[in-house]
Every structure is written in C-alpha cells, then in structure tokens.
Amino acid sequence: MTGEPNTRLSDLFGLVGWSKGELARLVNRQAAAMGHPQLATDTSRVRRWIDMGESPRDPVPKVLAALFTERLGRVVTIEDLGFGRHGRTGRRRDVGKPDNPDGLPWAPERTAAVLTEFTGMDLMLNRRGLVGAGAALAAGTALSSAMHDWLHTDPTLTTDAPRFDDPLHADPAGFDRYEAAPIGSQEIEALERSVEVFRAWDASRGGGLQRKAVVGQLNEVGGMLAYRHPDHLQRRLWGVAANLAVLAGWMSHDVGLEPTAQKYFVIAAHAAREGGDRPRAGEALSRAARQMVHLGKPDDALDLMKLAKSGSGEQTLPRTRAMLHTIEAWAHASMGRGQAMRRTLGEAEELFVSDKGDVPPPSWMQMFDEADLHGMQALAFRTLAEHDPSAAATAQRHAKEALRLRENGRQRSKIFDYISLASACFIADDPEQADRYARLALVSMGETSSHRTWDRLREMYRLTGQYAGYAKIQDLREEIQLALPRSPAKRSRTSQI
C-alpha cells in the first residue's frame with residue numbers, strides 16, 4: 001500500500017460509472033466465473049485500492065482487467081489499472097516509475113504473460129462485438145525513452161532470459177490461457193508457415209477479415225512460450241510471436257483500432273528482442289512510427305524512428321535500413337520538410353541498391369521490394385505536394401513505377417498507389433488523369449477490408465472539391481460518397497500507405 005490514490009484505477013473507475021459497492025459485487029461474480037469462487041471483496045477493500053493505492057492479490061488484478069475491458073469495449077491491462085505484476089522482477093530497471101508508468105520494457109518472463117493476457121481479452125471483445133478504440137496512444141517520445149536502453153543492450157536470449165531448474169517450467173501466463181504443452185521443430189515450422197499465409201492475406205485483402213484469426217494464433221503461441229524449450233526452439237518461437245504480433249498490430253491499425261495496434265507493436269518489439277532479433281524489434285517499432293504519421297503525429301514518428309534505426313543493430317541488412325529511411329522521409333514530408341525528405345529518400349535508394357542479395361532477407365522483409373520502395377517514394381512526394389505542389393509530378397512518376405512493378409496478390413498496395421497517383425494529379429491540376437486513376441482505385445475497393453483505404457479515399461475526396469463544377473468529377477465525388485462507410489470514424493490527417 002502506497003498511501004497515495006491509484007490515479008489510473010481512479011480515472012478508469014470514473015469512466016465506467018460504477019459505485020464502489022457495485023464494483024465489489026462484480027469482482028466477486030467475475031472471479032467465480034473465472035474459477036475463484038472463494039473471493040470475497042467488499043466496498044471498503046475497493047476504496048483502499050482506489051484511494052490508498054493498495055495492490056490486491058492475485059487473481060483480483062486479472063479479474064478487474066477483465067471487468068474494465070468488457071465495460072469499456074477496449075483491452076485494459078493490469079498495468080492500465082496501475083498495478084504491477086507479481087513474481088520475478090527480472091533485470092529490467094525503473095519499471096513503474098513516473099517516467100515509465102507502463103512498466104516498459106518488461107522482464108523476459110513477463111512478455112509471454114502480457115502477450116497472452118492482452119490477446120485473450122482482445123478475443124473476448126471480438127466475441128462479444130465490443131472492440132473499440134477509446135484509449136490514448138503513447139507519444140513517440142514516451143515510448144522511445146522507456147525502451148531505449150533496453151533495446152540497445154545485448155539481446156542474446158541465452159544470457160538475457162531467466163533460467164529455471166525444470167526445462168519445461170511454466171509460469172501462469174495470464175488471462176484465459178489454455179493448457180499449453182511443449183512443442184518441437186515440426187510444430188514451429190507449421191506456425192511459421194501460418195504466418196506467411198496470414199501475411200499474404202493481409203497484403204491482398206486487408207486486415208479486417210483475418211485479424212481475429214491472427215490474434216487467436218498469437219494467444220496460443222503465448223501459452224507455448226510459458227514453457228522453457230531448448231534455446232534454438234525458444235528463439236524461433238519468439239520469432240513467430242513477434243511476426244504474429246506485428247501482423248495483429250498492422251491489421252488492428254488497418255481497421256482503425258489504434259491503441260490496440262500500438263500495444264501489439266510494443267509486444268512485437270519485446271518478443272523479437274527476447275528472441276535475439278534486434279532488426280525485427282526495430283521494424284516493429286517502425287510500424288508504430290508509420291501509425292503515428294497516419295494519425296498526424298510526424299514528430300512522434302521521428303522519435304520512434306530514431307529508436308528503430310539505432311536499436312536495430314549492426315546486423316540490419318541494407319534493404320531493411322532502406323525501408324526504415326522511407327518511413328522517416330514520409331514523416332519529414334508530413335511536416336513540409338522537403339530538403340530533409342529528399343535527402344532521406346536518396347539515402348534509402350542508395351541502401352536499397354547496395355543490398356547485394358547474398359544474404360537472404362528475413363521473411364518479414366520479403367514484402368518490401370522495389371515496388372514498395374517506389375510506392376513509399378510516391379507517398380512521400382504526394383504528402384509533400386500538400387506543402388509544395390511542384391512535388392506532385394515526382395509523386396506521379398514513382399506511383400506509376402510502383403504500379404508497373406507490383407506483383408499479383410498486393411491488391412491493397414495497388415489501391416494505395418492509384419490513390420496517391422490520383423491525388424498527385426489533382427494537386428498538379430490534371431483532373432482528367434486524376435479521374436481515371438481514382439476510378440481504377442474504386443473498382444478494387446470492394447475487395448478489401450482496410451479502413452486505411454477509406455481514409456486515403458477521404459483525403460482524395462477533399463482534393464476533388466475545387467473541381468466539383470466539372471460533370472465528370474462531380475460523378476466521381478458521388479461514387480466516392482457511395483463507396484465510403486456511412487458513419488466513418490473521425491480521424492486525423494490520413495495520407496499513408
């Protein structure tokens with residue numbers, strides 16, 4: 001007990017509108033449903049949790065997290081409630097201090113627990129149709145400062161993870177975990193293949209249709225990680241967890257679940273780090289940076305990109321570094337920094353062509369090819385064209401090249417390329433060509449479940465306003481209105497790929 005109010009719990013308690021007595025009754029009922037019928041909470045105990053900073057014993061934090069998750073329609077973790085987790089503290093420092101309130105980074109043995117708890121409650125919300133986005137994102141500075149020292153230390157699993165006497169020891173891994181069992185190389189190979197299937201589906205159809213399946217697979221992997229496998233298998237399993245968490249985050253971002261997406265990106269960085277793959281951890285954080293640019297926070301994106309680039313380690317391949325540079329360039333473009341954007345894109349091109357291909361790229365980098373390089377360049381120049389219209393011509397050139405190079409199965413990327421190209425044509429005062437490419441985007445829109453395509457379409461619709469007097473463009477505007485959802489969520493600036 002700290003003697004000070006638990007402000008996090010107090011804030012959430014104020015949001016839900018329960019009385020202290022009502023919360024006590026709900027805790028007892030939920031605990032019984034979770035297999036703890038002996039729990040007997042009363043109003044005075046709830047008061048001590050909120051007003052005196054008392055930390056309840058297990059399983060109460062998990063019970064409270066489940067209750068607040070269901071009530072608020074978004075995942076609420078034990079840390080969100082202002083409670084720490086019991087058990088080993090590991091080697092992480094400064095957890096829970098004012099400059100690191102979320103306890104980032106987590107100790108190794110906690111990553112599986114956080115992963116499994118978060119995915120379990122995300123699935124619960126999916127089942128009950130309550131998934132929402134009502135939570136704040138952490139600023140880029142807050143995330144990067146909390147994780148900087150941790151990401152820069154030696155990530156070797158064998159020296160960083162805790163050791164147990166029992167090689168198959170399993171700690172309780174959190175909310176709603178099934179009884180996992182140790183697995184072998186064949187099972188891990190099957191999991192790795194499933195990641196490729198999910199990744200291809202996401203590239204083709206968007207995140208909406210397969211997000212729940214990815215989260216469910218990640219939840220199972222979290223249960224597996226509660227066991228200590230031989231080091232070579234444990235590293236691969238952490239790699240599967242990192243890849244699935246990135247996909248879960250990207251799919252969540254793709255359907256507008258922004259706080260949920262960010263949590264998955266952070267989980268992915270932890271999983272990659274525990275598996276000894278610092279480049280993968282850096283790439284996971286770069287996803288959070290792309291999300292920040294999408295939400296109109298390019299300064300936060302640049303904070304995260306500094307961490308992603310410096311924390312990736314010297315073993316990062318040139319192509320991966322090129323990809324990181326394109327995201328940084330996009331952030332500069334969003335701020336109207338044309339010189340910085342062009343310099344950063346030039347470095348990205350040099351890095352890309354310097355990759356000799358003698359080292360096979362990791363599976364998570366195989367989607368970033370020459371078409372993607374041009375697609376990101378088109379996006380950056382199209383974004384800069386909002387500040388400097390002369391950049392629109394270069395945006396068109398890169399978008400056309402991206403479309404020429406796109407492989408089959410990358411339908412969502414093609415839609416983004418068409419929208420970038422159409423938007424650049426509108427900015428360049430070429431409504432005839434803009435109309436052509438906009439209609440090509442609209443033809444494919446119905447095949448995806450990506451809210452980001454709708455966001456991009458809204459941005460393009462804004463550009464059509466000055467040509468509303470043209471009969472052809474007026475028809476296009478009406479078609480765009482029909483293609484967009486009837487009640488779109490209110491979003492910030494959204495020019496992204």
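Author: A salt bridge is a side-chain nitrogen of Lys or Arg within 4 Å of a carboxyl oxygen of Asp or Glu. The model discussed here is predicted, and by this rule the count comes to 24 salt bridges.

Reader: What makes the pair R452 and D254 a salt bridge?

Author: The side chains of R452 and D254 approach to 2.7 Å, N to O, and the cut-off is 4 Å, so the pair qualifies as a salt bridge. R452 belongs to helix α20 (residues 451–463) and D254 to helix α10 (residues 231–254), and the two are 198 residues apart, so that the pair links distant parts of the chain.

Reader: Why are R452 and D254 called buried?

Author: Buried means under 20% relative accessible area; R452 has a relative accessibility of 1% and therefore counts as buried, and D254, at 0%, counts as buried because its value too lies under that cut-off.

Reader: How do you know that R404 is exposed, and what is E401 called?

Author: The word exposed is kept for values over 50%, and R404 has a relative accessible area of 58%, so R404 is exposed. E401, at 23%, falls between the limits of 20% and 50% and is therefore partly exposed. Their side chains meet in a salt bridge of 2.5 Å, N to O, and, because R404 and E401 are three residues apart in helix α17 (residues 392–405), about one helical turn separates them.

Reader: What makes E479 and R439 a pair that ties together separate parts of the sequence?

Author: The side chains of E479 and R439 meet in a salt bridge at 2.5 Å, N to O. E479 lies in helix α21 (residues 471–483), whereas R439 lies in helix α19 (residues 431–445), so the pair ties together parts that are 40 residues apart in sequence. E479 has a relative accessible area of 36% and is partly exposed, and R439, with 24%, is also partly exposed.

Reader: Why is helix α6 called roughly antiparallel to helix α12?

Author: The axes of helix α6 (residues 140–152) and helix α12 (residues 278–294) come within 13 Å and cross at roughly 175°. Angles over 145 degrees count as roughly antiparallel, which means that α6 is roughly antiparallel to α12. The contact is made by G140, M147, L151 and H152 of α6 and by R278, A281, L285 and M292 of α12, and by class these are five nonpolar, two polar and one charged residues.

Definitions and conventions: Residues numbered from 1 in each chain as written. Predicted model: local features only at pLDDT ≥ 70, side-chain atom pairs only at ≥ 80, totals over all residues. Heavy atoms only, no water. Axes fitted to C-alpha atoms, helices over the stretch in contact; angles between N-to-C directions. Helix = DSSP H or I, 4+ residues; strand = E, 2+ residues; numbered from the N terminus. Parallel < 35°, antiparallel > 145°, perpendicular 65-115°, else oblique. Contact = heavy atoms within 4.5 Å. Nonpolar A, V, L, I, M, F, W, Y, C, P; charged D, E, K, R; others polar. Buried < 20%, exposed > 50% of the residue type's maximum accessible area, 1.4 Å probe, protein only.
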